[in-house]
Amino acid sequence: MRNIMVINPKGGSGKTTLATNLAAYYATEGKDVVLADFDPQGSAMDWLELRDPERPPIRGIRAWEEGLKSVGRPDFVIMDAPAGARGPELTELLRRAETVLVPVLPSPVDMKAGVRFIAELRDHPRSGKIKPALVANRVRDYTRISGELYRFLETQRIPFVAGLRDTQNYVRAYSRGLGVWELAPYMAYPDWEQWDPLILWLESRRSRP
Ligand SMILES: Nc1ncnc2c1ncn2[C@@H]1O[C@H](COP(=O)(O)OP(=O)(O)OP(=O)(O)O)[C@@H](O)[C@H]1O
Ligand SMILES: [Mg+2]
C-alpha cells in the first residue's frame with residue numbers, strides 16, 4: 001500500500017487537481033485506489049461524484065470526518081489536504097503520509113509561502129519518515145515568473161520532480177470527474193508527458209521513506 005499526500009497550506013495551489021488526477025491515473029492502471037479528502041470543503045469528493053460509474057472506480061473517503069479507519073488495504077491511498085494546515089493539524093496529517101507532494105504556483109505570494117512550508121517540512125519531527133517532492137503547477141512557458149519558479153524549486157533541498165502547465169484541460173477534467181489521462185490524446189498528450197517524471201519518481205525507491 002502506498003500513502004501519498006498532496007499538501008500545501010497555501011490555498012488554491014493545485015492540491016485537489018494533483019490528488020484527483022493521481023487517483024484517476026492509478027485507477028486507469030487497474031489499481032485499487034482510495035481518494036481520501038481531508039478538506040471539509042470536500043472538493044475531491046465533489047469531483048468523485050461527477051465521475052461516471054462506468055469509469056475505472058475510485059473509492060472516496062470523507063477523511064475530514066472519519067479519518068482513514070475504513071480504508072482497508074488498497075494499492076494506493078491518495079490524500080488531499082486542506083489549505084491552512086499548520087501546527088498540530090499538520091502533524092496529524094503528516095503522520096498518515098509516506099510520500100508528500102507539494103504543488104507550488106508561479107506567483108511571488110505562493111513562492112514566499114512555499115519557502116516557509118518547505119522549511120516547516122524540513123524541520124518537522126516527521127521529516128525522517130516522509131519523502132517530499134515539489135511540483136510546479138500552472139506554469140506558463142516563457143513567462144518571467146515561471147522561470148523564477150523553476151529556479152526557486154531547483155534550489156530547494158526537496159526534489160523538484162515535475163512542472164505542469166496552466167491549461168483548461170484540468171478544469172475540463174475536473175468538471176467531468178476525470179483525470180487528464182481520460183481526455184482525448186490530441187488534447188491532453190502534452191499533459192501526459194508532463195506527468196511522466198512525477199509518475200516515474202513515484203515508482204522509484206526515492207519516493208519511499
Ligand atoms: N494546471 C492547472 N491549469 C489550470 N487550472 C488549474 C491548474 N491547477 C489548478 N487549476 C485550477 O485552479 C483552481 C485551484 O486548484 P485546486 O482546487 O486544485 O487547488 P487546491 O490547492 O486544492 O485549493 P484549496 O487550497 O482551496 O483546497 C481550480 O479552479 C483548478 O481547476
Ligand atoms: Mg483543494
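Two strands pair if DSSP finds at least two bridges between them; helices (H or I, at least four residues) and strands (E, at least two) are DSSP runs, numbered from the N terminus. This is a predicted model in which local features need pLDDT of at least 70 and side-chain atom pairs count only at pLDDT 80 or more, while totals for chains, interfaces and linings use all residues. Residues are numbered from 1 along each chain as its sequence is written, and chains are lettered from A and ligands numbered from 1 in the order in which they are written.

An open sheet of seven strands runs in the order S3-S2-S4-S1-S5-S6-S7, with parallel pairing. Strand S3 (59-61) and strand S7 (160-165) stand at the edges with a single partner strand each, so one side of each has no neighbour in the sheet.

Within the sheet, strand S5 (residues 99-104) pairs with S6 in the parallel sense over six bridges. Proline 103 stands opposite valine 135 in S6. Beyond its neighbours within four places in sequence, valine 135 is in contact (C-beta atoms, placed from the backbone, within 7 Å) with Leu18, Leu101, Val102, Pro103, Val161, Ala162, Leu164 and Leu198.

Ligand 1 is surrounded by 18 residues, the closest being Gly11, Lys15, Thr16, Thr17 and Ala83; a residue counts as near if its C-beta atom, placed from the backbone, lies within 6 Å. Helix H1 (15-28), strand S6 (131-139) and helix H7 (168-175) are the elements that give two or more residues to this shell. The shell holds five nonpolar residues (Ala, Val, Leu, Ile, Met, Phe, Trp, Tyr, Cys or Pro), four charged (Asp, Glu, Lys or Arg) and nine polar (the others, Gly among them).

Conventions: Contact = placed C-beta atoms within 7 Å.
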